[in-house]
Amino acid sequence: MEWYEQKESMIGDILRFVAPGTPIREGIENVLRANTGGLIVLGYNDKMLHLVDGGFHIQSDFSPANLYELAKMDGAIILNGDGTEILYANAQLMPDPSIPSTETGMRHRTAERVAKQTGNLVVAISQRRNVITLYKGSLRYALKDIGVILTKANQAMQTLEKYKNVLDQGITNLGALEFEEMVTFSEVIQVIHRIEMVLRIKNEMLNYVDELGTEGRLIQLQLTELVSNVEDEAALLIKDYSKRSDYEPYYMLKKLQEVNQTELLDDAQILKLLGYSSTTKLEDPVMPRGYRILNRIPRLPSLIVTHIIDRFGTLNEVVKASTKELVVVDGVGEVRAGKIKEGLNRIQEQLFIDRNI
Ligand SMILES: Nc1ncnc2c1ncn2[C@@H]1O[C@H](COP(=O)(O)OP(=O)(O)OP(=O)(O)O)[C@@H](O)[C@H]1O
């Protein structure tokens, strides 16, 4: 995993752990409302042992109400790693003061240092500023107000819908051109750009969904409905046009998204990833293998699609093939060959109706 993926997945784990609907979050919200402030450490391991001073040993089951009561005392509360037990309260934490901290207040400085020193999740609930800050290792994350995230998530959803429509139209247009043998790299790359845009917003939304917990269920449903097939479609597109046999399509999709994380997409980079040389021009023609279109034929198993493409090489050769020629392929009999021809005709007709170029 790349560092930012690790970071992303760690943030995701943490956000799910403290998401609305969990007992931990309910406890934290209680402390926030009570205006007492709080410092909560999750996990009591060897590293913690050395930096805890004083406090009461409690050893009780975690409940939001217990947390609330204990937060009235000064000092830190220490829970077990999964937050099901309260181990200590009123503890003084003494992390290594030489660990750098960007925080100003003592509570937050301590939280940041303890997180860095122990790797545990530490939650600081500010008394004066009404904010919850999470620390784990060197990660810092300020939880936002649920209303604010909901608004952002809904805005992102609208943007996503727009981009998804644009992508769908691009895919339709590309399909129509494929049947006409008129595809150039330019159209392929345009569709890849659009896929990247959609996936980028989708990833942003997944963070909101994590952070919203039970409050985000509706958004999660909408998100799944809207983009669940985008990655599969993208993988087929890559299989249609990639020249590389060393990359598996989903791996390549990830690679494309990595480029996306750090810099803006660049046509030449995409061409290179797809295995084309630097002399390839955008206006050069290119033939699809046919994975995308053939996979749309009802009840045609993808293994047979692969056999067909192995035999014919490109979509256009498949389209031109007679029923007799199709029957030669492993797993294709008379009936199936007829269905393939019929399916291709129907898909082509529909694409020609839906295209807008
Ligand atoms: N080392 C520590 N161990 C345990 N608790 C601490 C430690 N340092 C500070 N606290 C707790 O934090 C409280 C507030 O400290 P301080 O005002 O300096 O923090 P802060 O980061 O500015 O937080 P806030 O925004 O809540 O004021 C202290 O009263 C104490 O309960």
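# Ligand shell and helix packing

Student: How does the shell around the ligand split by class?
Tutor: Sort the residues like this: Ala, Val, Leu, Ile, Met, Phe, Trp, Tyr, Cys and Pro are nonpolar, Asp, Glu, Lys and Arg are charged, and the others, Gly among them, are polar. By class, the shell around the ligand then has four nonpolar, eight polar and four charged residues.

Student: What pLDDT do local features need here?
Tutor: Residues are numbered from 1 along each chain as its sequence is written. This is a predicted model: totals for chains, interfaces and linings use all residues, side-chain atom pairs count only at pLDDT 80 or more, and local features need pLDDT of at least 70.

Student: Which residues come nearest to the ligand?
Tutor: A residue is near a molecule or strand if its C-beta atom, placed from the backbone, lies within 6 Å of it. There are 16 residues around the ligand, and the ones that come nearest are Gly-105, Met-106, Arg-107, Ser-126 and Gln-127.

Student: Which element gives the most to that shell?
Tutor: Elements are DSSP runs numbered from the N terminus, with helices being H or I of at least four residues and strands E of at least two. Strand 5 (85-93) and helix 5 (106-118) each supply at least two shell residues. With four residues, the top contributor is helix 5.

Student: How is helix 7 oriented relative to helix 8?
Tutor: Axes are lines fitted to C-alpha atoms, for helices over the stretch in contact, and angles run from 0 to 180 degrees between N-to-C directions. The axes of helix 7 (residues 185-212) and helix 8 (residues 217-227) come within 10 Å and cross at roughly 160°. Under 35 degrees counts as roughly parallel, over 145 as roughly antiparallel, 65 to 115 as roughly perpendicular and the rest as oblique. Helix 7 and helix 8 are therefore roughly antiparallel.

Student: Is the crossing of helix 7 and helix 8 left-handed or right-handed?
Tutor: A crossing is left-handed if the near helix is turned anticlockwise from the far one by less than a right angle, and right-handed if clockwise. For helix 7 passing helix 8, the crossing is left-handed.

Student: Which residues of helix 8 make that contact?
Tutor: Two residues are in contact if their C-beta atoms, placed from the backbone, lie within 7 Å. Helix 7 brings Val-198, Lys-202, Met-205, Tyr-208, Val-209 and Leu-212, and helix 8 answers with Ile-219, Gln-220, Leu-223 and Val-227.

Student: What classes make up the contact of helix 7 with helix 9?
Tutor: The two axes come within 11 Å and cross at roughly 155°, which means helix 7 is roughly antiparallel to helix 9. Helix 7 uses Val-188, Val-191, Ile-195, Val-198 and Leu-199, and helix 9 uses Val-230, Ala-234, Leu-237 and Tyr-241. The tally is nine nonpolar, no polar and no charged residues.

Student: How are helix 6 and helix 16 placed relative to each other?
Tutor: Helix 6 and helix 16 (residues 334-354) pack with their axes 9 Å apart at an angle of about 125°. That is why the pair is described as oblique.

Student: Which helix gives the most to the side of domain 2 that touches domain 3?
Tutor: The contact takes twelve residues from domain 2 and 15 residues from domain 3. On the domain 2 side, helix 6 (146-180) and helix 9 (230-241) each supply at least two. With seven residues, the most comes from helix 6.
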